[in-house]
Amino acid sequence: MSVAQITDHKFSIFNALITNDHREFYEKIINELIGVSPICNQGKCTAAAISETATEQEQITELMERVETFAAELHDGTKNLFDQFYAAKEDFCRSIYCTTAYIKINLIDRTLLERTCDVRWWSMETAFVDCLERINKINRSLDKMLYEMGEYLDASKAAFEVPTLETNWTMRDIGQYVEDVRAFGNRKPELLFNQAVFAQFKAKVELLSEQLGKGKSQEATLNMLQKVLKNIEEVHQHVSTVCNRLEDIGGSYTLYRDLVITIPDGTVIANANPLRRDAVLGRSVKDESWFQRSTQTGNENDYGIEKTNRSVVESGNSLVFSTAIRGTAKGDESIGTLGAFFDLEEEARIILQDYMPCTADGDTRDGWYSFFTDSSGKIVGSSEPDLLDVGSQAHLPRGHRKLVAGGMTSSYASFEGNESAIFSAMSDGYLDFAGLGWSSHLVVPSTDIFASEANCQVNGISPDELMRSRLIPEINKDTYVKVQDDKQSIKLISLNGIVFASKLGKRGVALGPVFEQITETGDFATSKMEELLREMAFGELRLNLQTLETFSKQAIDLIDRNLFERSAAIRWWATDKFLWNALSDPTDENIQTACRRLRDINSSYAMYRNLVLSTRMGRIVAASNPELIPDIKDARVADHMWFTKAMRSKNVGEYAVQDVGTTDLERSARSSLIFSGAVRQSGSRNGEVIGVLGSLFDWVTESGKILKTCLPKDRNGKRIQGCIAFYASSNLEVIETSDPNVVPLGSVPELPAEHRDLSAGQSASGVFRFGDHVYIMGSSRSKGYREYKGLGWSAHILRPLF
Amino acid sequence: MQISTFIIKDERFAVPSLVVEEYFRPLPITRVPGSDPRIDGLVNIRGRTAVVINMRRCLEVPPSGKPAAGEMILLETSQGLVDEAKSLGLYAFEEPVVLNVDSVAQIHRLGDETVHPSPPHVNQSFVDGVVQVDDLYFTMISIQKLVAALITAKVEA
């Protein structure tokens, strides 16, 4: 990652970015300093007039010259100081806001990576494969069947054309019944996949059959009709199985608008959303890009991602993950397609509206925008959809449209009529996921970047202490020392002048006011500069606090999102056929199959240490890594929280979690976090609970990784020494830490009240005196993510001041 | 009369401006072994050797955490003392003497009426009285008595 340099900003009083306060400030100092020269001239003249000896005059003239040189230096110093001030702010804002833009795109990338795994996993679901194979077979033979049915019907119709004594039906009546049934002959997709259409057909067939039954020698036709009905009925059964399964998955993964399965010709045969089912089933998606993309996938690891806002499935903005479903017989042959409609709009809204400063009413501050663009520069998600239309071209400076993966840039431009600074970062993917070439942009009003720190005050630290802290760049510290030094110099020069004048007795009286004026001017200028430096320091402090808040928020968000995935996965796995089969019919073979299944799942998810299956009595019968469980034969979990909570769950939509702590299930692990879901009879939605599936999340590794990601870095991307990140549980006990020496696991650090009493989703920052050190700290409390409500944890990021 | 004020810790002191020759930033001090703790050592001011008196120790102000960088006041020698000073009965030494203080403050011009006698509870012999300038009080230090006290201490030791 590199942060591109914008322009070399040189201070100019005419720059529109300079605040009024500072302009006034600057002018005052300069005016005072310009006034020094005439004073000194006056001093020199007075010296000439009053001196009795050449030495005396020389002494005064020298003093005056020193003052003049000094004033000139102060003049330059002031300009440099303003330069430094604005450059520092710019630099810092660039670093923090580019990082924020990057965090946002990175959050999307992390989510999308999980989604690519989802679709590939689901496509291997045996229920889908089985049903699709049957459906395809029937579908293929149905054309012939329907044709034959037509032939038979024609024959029957012909037979009825000769009226017989047994019946008083007219030919016209039978003809109508036959035509009614025949009319369905060319509505095959609807017959197969639309329940309402099939019901109409069935009714018509029954009416016709009743009439045909009254005639002679109609068995062949009647059999044919029954055969057609039976086949279509079987398809409907399979469709209903697939729909139920998709609904189960959809219920656990709420970030999808819908999940659909099609047969190879692009006809949708099942979906997850029951409300859209009638509108979607039987429709063709063969012209939609996501479907076409899925037909090009080469193997089960391949997938497609396509953006869509016009699909027969869903009309909103979705990102469709698709892959081919492959048959069991010939491994490579596609027997259908799975399409997962990821709710991009909602996801983008969650991410984009986050990390934005709010007004007291909770609205995003005016002039702040956050949005994503795709590789062609079109907006794919926006914090203000009313102003920045999704799908339209974003009005961005050229440099922001030509970023490289992981690259960042910033520049000033007018945006929506505001003078703004625009910060952009391009996705560099996450792990295996290469990203979609999207960029994230953050627009901040220029005035917000250069706003002066009106009240230079942060509780808990004095300006002098702050100036000495590690936070303040050396260059500013040096300037501060220099200004204080200058202040001393000018004081001593003028005091010596006054002392000198006083010794001249009456003659010196004329010199007195000259030195008094110099003292005053020098004092004013240096005090103002000190003030500016302190303002600068507090600005730096404030931005640092903001950064730490951002990082703590990122830390808690990343863990919430990670655990959301875990809570979704456990619910889905708990419905797995092999698992409930092993529990309801615990033969050796079934148990072995369940073990294999758990191993297969576990091998695809590195973040679990173990997956365990327990009976309803709390006995472990299968595990993905049985060797990790001490005394597995006698392992009893009946009194474990994850077990009892899952046993009490009401339906497949629920899961349970046992907060971070130690467990008998793995004594070697420092701490474990266990998710669990009830396994129900026949995997049905509200069925009787017959056991519990538990997943032992590798908390130590995963949380450690995230904490490391969220440790502050300096402007060159190097980690800043002495920083600490830790998670605290709801009772404020440290559950993971990046530095166990300073913040030990299990300890309860005494946090300041505003960091301790955070409400869900709230952040705070401030000075924190801890042990022998003074830190600044940013804290955020979990707000959960979607239906994962979070466990009331908080993340804290500390940066040492001393 | 004008007084030159200086600060030690948070307390304000003053000497008559006429006995001050020059103010300095701190100069490197050469310690002299065996000298009174109130004597910091010797400094070289443009070729002249001066004795540095540590006012913090003289005034028995407890040392604070961080030693202040400090400032120095070079006193007039008897040779440089102006007539006005002599007429006021101010005293100066033959040799240059430097007062080492936390910081020099200001120079105030004042009338006699603002000088109060030393309060009775003050037992330091070198306190000459208390000066009021506006709302602030300054303790007037008599250099002569101060140095006399130093010499007495030496004799006693």
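Reader: In what order do the five strands of chain A that include β10 form an open sheet?

Author: The order is β7-β6-β10-β9-β8, with antiparallel pairing. Strands here are DSSP E runs of at least two residues, and helices are H or I runs of at least four, numbered from the N terminus. This is a predicted model, in which local features need pLDDT of at least 70 and side-chain atom pairs pLDDT 80 or more, while totals for chains, interfaces and linings use all residues. Residues are numbered from 1 along each chain as its sequence is written, with chains lettered from A and ligands numbered from 1 in the order in which they are written.

Reader: What makes β7 and β8 of chain A edge strands?

Author: β7 (379-382) and β8 (408-415) of chain A each pair on one side only. The twist of this sheet averages 25° from one strand to the next.

Reader: How do you know that β8(A) and β9(A) pair?

Author: Two strands pair if DSSP finds at least two bridges between them. β8(A) and β9(A) (residues 418-426) have eight, in the antiparallel sense, so they meet the definition. Within this pair, A:Ser410 stands opposite A:Phe423 in β9(A).

Reader: Which strands of the sheet does helix α11 of chain A touch?

Author: Helix α11 (residues 344-353) touches β6 (369-373) and β7 of chain A, and its direction makes about 55° with that of β7(A). Contact requires C-beta atoms, placed from the backbone, within 7 Å; angles run from 0 to 180 degrees between N-to-C directions of lines fitted to C-alpha atoms, for helices over the stretch in contact.

Reader: Where are the edge strands of the sheet that contains β12 and β13 of chain A?

Author: That open sheet has five strands in the order β12-β11-β15-β14-β13 (chain A), paired antiparallel. Its edge strands are β12 (620-623) and β13 (656-661) of chain A, each of which pairs on one side only. Neighbouring strands are turned by 20° against each other on average, direction ignored. Helix α18 (residues 588-604) of chain A packs on this sheet, touching β11 (608-615) and β12 of chain A, at about 45° to the direction of β12(A).

Reader: Why is helix α16 of chain A said to be largely enclosed by the rest of the structure?

Author: A residue is buried if 20 or more other C-beta atoms lie within 10 Å of its own (exposed at 12 or fewer, partly exposed in between). Of the 62 residues of α16(A), 47 are buried, so the helix is largely enclosed. Helix α16(A) spans residues 512-573 and reaches 90 Å from its first C-alpha to its last, close to the expected 92 Å; the expected span is 1.5 Å times one less than the number of residues.

Reader: How do you know whether A:Ile498 is buried or exposed?

Author: A:Ile498 has 26 other C-beta atoms within 10 Å, so it is buried. This residue lies in helix α15 (residues 474-503) of chain A. Leaving aside neighbours within four places in sequence, A:Ile498 is in contact with A:Gly512, A:Phe515 and B:Ile107.

Reader: How many residues does the contact take from each chain?

Author: Chain A gives nine residues and chain B gives twelve.

Reader: What makes chain A more spread out than a compact globule?

Author: Chain A has 21 helices and 20 strands. Its radius of gyration is 38 Å, well over the 28 Å that the globule rule gives for 802 residues, so chain A is more spread out than a compact globule. The radius is taken over C-alpha atoms, and the rule is 2.2 Å times the number of residues to the power 0.38. The C-alpha atoms fill a box of roughly 155 × 65 × 40 Å along the principal axes. Of the 802 residues, 44% count as buried.

Reader: How many helices and strands are there in chain B?

Author: Chain B has three helices and eleven strands. Buried residues make up 31% of its 157 residues.

Reader: What do β10(B) and β11(B) form?

Author: They form a hairpin with two residues between them, and B:Asp134 in the turn has a positive phi of about 50°. Six bridges join β10(B) to β11(B) (residues 136-141), and the two run antiparallel. The bridge partner of B:Val133 is B:Leu136 in β11(B). Strand β9 (residues 115-116) of chain B is joined to β10(B) (residues 127-133) by two bridges, also antiparallel.

How values were computed: Two residues are in contact if their C-beta atoms, placed from the backbone, lie within 7 Å.
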